[in-house]
Structures are given as structure tokens and as C-alpha cells.
Amino acid sequence: MWKKRRNFWDLLFRRKKSFTKKEHFFISIDEIQEFEKKYGYFSEYPLVGKVSSGAEDVDLVKNLLEAIHPQLQTPEQRLFIVGEILTKVLAYRDLKVGMDILIPFQEKKTLYTVEKVFDLWHGMPAFGLVPHKNSLSPILLFRGTDFTFTSKRGLSSILSDLDFSGPGYTTFFNARHHLQKWLKEKAKKGKKARVMGFSLGGAFASYVSLYERDNISLDEPSLVYHTPGVHRKIFIEWGQVKAKHQPPLLVFIHPNDVVSKVGTILGSIYTISSKPQLPPLSAHVSLVSAQNEFACHGE
């Protein structure tokens, strides 16, 4: 299990070689399974993939991150699980400027502070998180599709999904100036940021990785989960960028998820499998890290 771990981590952070096609297995953590049962997309009180504004819901996610921190055994496990929780759960909370959140990408406890809340379009948010340690990269975290049909930002999110230029394309360019300003500020002060997102948020992260690549970390990978692909012309633009200038963008997709079959995906793709198998909608909105066993391999 996870043989040649050092080489794999070099691939993620130093990109010395192409991604391995070997399958890598994980066993779920009890606290994540319990969280999925109580707060999963299909639960009575969903927090995964659905927007809520209560401060108590933020605390539930913070408690989950705290609980799993000592149980994450390898850098690879941390990368996948923490990224999934951030993009599928934390991003769907209404985070406020000044909030402190433990984000356990490192073995030692590391706090991040919400420094900026962006308004992409009609209230659709993205979040700028800065670490308390200068040695780590800030995080630009995008929210996925918001199916709150009764809210203006929810309707705007759905319209962004249906953009003829590609999911979220027009919305991204509407907000690009504000995102660019923050990214440049972070790059000047220290480490360049990494971007993360799930579903529509993954499309936003892909656009940032291409069009703001000079301000995105080459050291720490950006993470995308179950994203729709981009328009073919954008994929061609990505291919025209020299590999050494492409930020490491790791994209995790489930073969049963129909969303990731739309368009063309940027970055280095990992295909996820799970036990038990997940039907199409569950493959998109469930926490894969809550399944009994799951695995991923590079394509």
C-alpha cells in the first residue's frame, strides 16, 4: 500500500515525472463516515454540497477537521481527504472574515484565517484563506453549485453552470480583477496561493490555474473534485502553456459521475473508485472519503 511514497510525493510537489498509474488504496476514518451519515447530501440535515448559513454548522465542520487531524497517517491521505472536506463541506458554509480554521494538510496543527470573502456574481462567494505559518500557501477556495432556488446567488450559480462558454466562464471573468488583486498581494507578501473547488467550484479553480498561473503556487498542488470540463478552446490554451509554467492541478473524478464527462478537463486526472460502488448522483455529491474503501490512480 502506497509503495514508493517518496517518489509519489515528489510527483505531487516537484513534478519530476509523470503521474503513476498505480492504484492507491485508502480506508475510511470513522469520524468521516459518521459525519456523512448525519450531514451528507441525502441526510436529514445536509451539510455536504448544500449551503447553510448558521455559525453552528461552521463549528461542525471545524470539529470534523480537528477530529481527523491525528488520524491522517500519510501526506497522500491528508491531501485527498482534507481537500475533499474543504471543497465539498467547508466551502458551502457562509464563512466570515476573521474566522480561524484548522486545516490539517500538515502533521502539526496549522490555523488559517478567512481574510477575504469574494462576491463572484450576485452573492456567489469564494474565500481567501491565509495560513498562520508563512511557509505554507494561502488557499483560494471556491464553492460548487448552489441549488438554493429561492436565493439570488443560488439562481446565479445555476445560470453559471449553464454558461455556453463553459461552466462558470463568464462568472469567473466578471470577478477576475478582484481575484487577481488578492492573488498578487499574496504572491508579493510571501507564498503564492493554491486554488481548490468542487463541481462548479472546480471549474473556477481550473480557470484561475490557467489565466492567473503566474500567481498560483508551483510548490503546493491545487485540488479539484468532480469538476465539469472546460470548453475545448480553453483546453487548447492550457496545452500551449509550457509544462514548467503550469501550476500543479490535481483533479479527482469518479467514473460514475456524469458531471465530469462534460467538456475537457485541465490538469492531472485521478480516477476514484470506491466500495461500495456509488450511483451517478451519489458519485458526485457524496464524500468519497466516507466510503468503506476507496482508491485513486492517475490517468
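## Surface residues

L155 is partly exposed, at a relative accessible area of 42% (buried is under 20%, exposed over 50%, partly exposed in between, with a 1.4 Å probe and protein chains only). The model is predicted: local features need pLDDT of at least 70 and side-chain atom pairs pLDDT 80 or more, while totals for chains, interfaces and linings use all residues. Residues are numbered from 1 along each chain as its sequence is written, and side-chain values use heavy atoms, without hydrogens and water.

L155 belongs to helix α5, residues 152-161 (a DSSP run of H or I, at least four residues). Together with F147 and F149, L155 makes up a nonpolar surface patch of about 330 Å² accessible area (over 30% relative accessible area, no salt bridge, nonpolar side chains joined within 5 Å). F147 is partly exposed at 48% relative accessible area, whereas F149 counts as exposed at 55%.

## Aromatic pairs

The model has 20 aromatic pairs (Phe, Tyr or Trp ring centres within 6.5 Å, the six-membered ring for Trp; stacked under 30 degrees between planes, edge-to-face over 60, the rest tilted). F147 and F149 form a tilted pair, with 6.2 Å between centres and 45 degrees between planes.

Elsewhere, ring pairs join F26, F80, Y225, F252, Y270 and F294 into a cluster.

## Charges over rings

The charged end of K50 sits over the ring of Y41, 4.4 Å from the ring centre (NZ of Lys or CZ of Arg within 6 Å of the centre and within 35 degrees of the ring normal). R194 places its charged end over the ring of F105, at 4.7 Å from the centre.

Terms used. Patch = residues over 30% accessible without salt bridge, like charges linked within 9 Å, V, L, I, M, F, W, Y side chains within 5 Å. Areas by Shrake-Rupley, 256 points an atom, 1.4 Å probe, with all protein chains shown as cover. Salt bridge = Lys/Arg side-chain N within 4 Å of Asp/Glu carboxyl O. Helix = DSSP H or I, 4+ residues; strand = E, 2+ residues; numbered from the N terminus.
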